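Subject: Structure for your review

Dear colleague,

Please find below the structure that I am handing over to you.

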Amino acid sequence: MKSLGFAKLMALMAAVLMLAVSLPLCASAEESLPYMQQLSQTQYINVSLLTTDSYPEVCIMPYYFSSAFISQYKAPYFMHFPCPGNTFAADFNEYSATFLDMEYYRQYTYIAQESYAYETFLNNCDVDEYIIADGTGGVAIYIEPDSYRARALIGVSGIEKSTKLEIRFTDSSLKNKSAQQVVELLTEQISAEVARIQASLTVELADHYWTEGRYAGFSVMNLTRNTENISLTYTLPEGYYVTKVDNSDVSIATVRGERDALVASFDMETYSYVNSRLEEEPEHVMTATFDDVEYRIYYHWYNEKILSAKVDRVLSTTAGYSGDDTLYLTIDLDPEGDYEWTSIEAMEADLATIVSGIQISVGESVTDYHDATPYAAAAVTAAQEAPAASEGWVCPACGETVTSNFCPNDGTAKPEDENWVCPECGETVTTNFCPNDGTAKPAEDAA
């Protein structure tokens, strides 16, 4: 079963609150296809921000890309429906998509499931009274009030009998509500979202991946705090299209023939896999120059074939970059299906095509992007108005002492203080005495 980590989504939300991004202006659809844009900060996580034009509706299938378009093991059926309102897409791939609502601090994740029984799904719920729908009628729903989450599983007709759509919803704005209010609001929100999708979801059999011919390229910015940022603007070579944008990389692919495909994934990071292979397999590391730029290549040679290649290029030598760490553009090349390289020259020819669309530049500082979009402006305002933590807390995941609301190492959220409801006035209180009537915190709740 495919899954997306909740901690990752919370960390993604934290990074959005810390950073802002300017979205490129696009001409009309006839003149220029919309570009996607990715934002990253090494101290936290990488974050993708997509405009509504870039991702106008959810379009996912219950299979992996290779199963439908390379092995042809599965027919490429797509389920699609409108995106949730007031949101932007944070990431997508062939089987899932995630959206953020920065005004109300909500997260929506949709996952196409090839096979997921309602009973198995509901076994994730620890409290029977939180099960809202038991699968009868093709819908299962439960809520997790303690974490402000709700999940639903919807049957989807038109593909296979076992195909489902999983919905994961989180509303962080409920943290100041009473326990009863959280239960009621989560139930209302997830039920409304299920109804919205059931009314609009359609299934379509396609002969190509939905992004093919849609995007002209993408722009990726590596933003390092207090320094200039390096931007990668990429124009897709003919025959290539985007297959994934997530919190760590962007992937493109090309399909040739019936069972041949080449997938390339881009990222900017301070770690070099090629460096590690230089020590252990120097005979499989080489350099190649394209357009006067040197690339280092580690290739995996087996049975007279090159099965994959890891490529990097040093970016931190780019004029104007002032970061302290060595920064690399990394490219993973993965032939799939019957695609293969029988010589180094064949691999180099494909790499030359892939790197031909790269343009690197050094942009302005992070703070210059604060008023670029409504989402970015709201993020900066929220970050500026958030009260500073008076004391540090210890991250339960890594043990680091942290003074902000999210751990900079892994994005773990600061544990919430235990709230209690005043029995006299019904107010949700965070201190030991109710500010309205002075009622003391009940002994069983007191620290």
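The notes that follow cover confidence, strands and sheets, cysteines, and salt bridges.

Confidence

Please bear in mind that this is a predicted model. The protein chain has an average pLDDT of 76, and 69% of the residues reach at least 70. Where pLDDT is low, the predicted coordinates should not be read in detail.

The open sheet

Strands β3, β4 and β12 form an open sheet of 3 strands in that order, with antiparallel pairing. Its edge strands are β3 (57–60) and β12 (202–205), each of which pairs on one side only. On average, neighbouring strands of this sheet are turned by 25° against each other, direction ignored. Between β3 and β4 (residues 77–82) there are 4 bridges, in the antiparallel sense. Within this pairing, C59 is placed opposite H80 of β4. Helix α4 (residues 179–200) lies across β4 and β12, and runs at about 120° to β4.

Cysteines

C59 counts as buried because its relative accessibility is 9%, under the 20% limit. C83 is likewise buried, at a relative accessible area of 18%.

Strand β15 and its partner

Strand β15 (residues 241–245) is mostly covered, with 4 of its 5 residues buried. It is joined to strand β16 (residues 250–256) by 4 bridges, and the two run antiparallel. V245 faces V250 of β16 across this pairing. T243 also belongs to β15, and its relative accessibility of 8% makes it buried. Which residues does T243 contact, leaving aside its neighbours within four places in sequence? They are F65, F92, N93, E94, Y209, S251, I252 and A253.

Salt bridges

The whole structure contains 11 salt bridges, and several may be of interest to you.

- R149 and E144 meet through their side chains at 3.1 Å, N to O. R149 is partly exposed, with a relative accessible area of 23%.
- R277 and E280 form a salt bridge at 3.5 Å, N to O. The two are separated by about one helical turn, because they lie 3 residues apart in helix α5 (residues 273–280). R277 is buried, at 14% relative accessible area, whereas E280 is exposed, at 56%.
- K310 forms a salt bridge with D332, and their closest N and O atoms are 3.3 Å apart. This pair links distant parts of the chain, with K310 in strand β20 (residues 305–314) and D332 in strand β21 (residues 328–337), 22 residues apart. K310 is partly exposed, at 25% relative accessibility, and D332 is partly exposed too, at 24% relative accessible area.

With kind regards

Conventions: Residues are numbered from 1 along each chain as its sequence is written. This is a predicted model: local features need pLDDT of at least 70, side-chain atom pairs count only at pLDDT 80 or more; totals for chains, interfaces and linings use all residues. Side-chain values use heavy atoms; hydrogens and water are left out. Buried means under 20% relative accessible area, exposed over 50%, partly exposed in between (1.4 Å probe, protein chains only). Two strands pair if DSSP finds at least two bridges between them. Contact means heavy atoms within 4.5 Å. Axes are lines fitted to C-alpha atoms, for helices over the stretch in contact, and angles run from 0 to 180 degrees between N-to-C directions. pLDDT is the predictor's confidence in each residue, from 0 to 100. A salt bridge is a side-chain nitrogen of Lys or Arg within 4 Å of a carboxyl oxygen of Asp or Glu.
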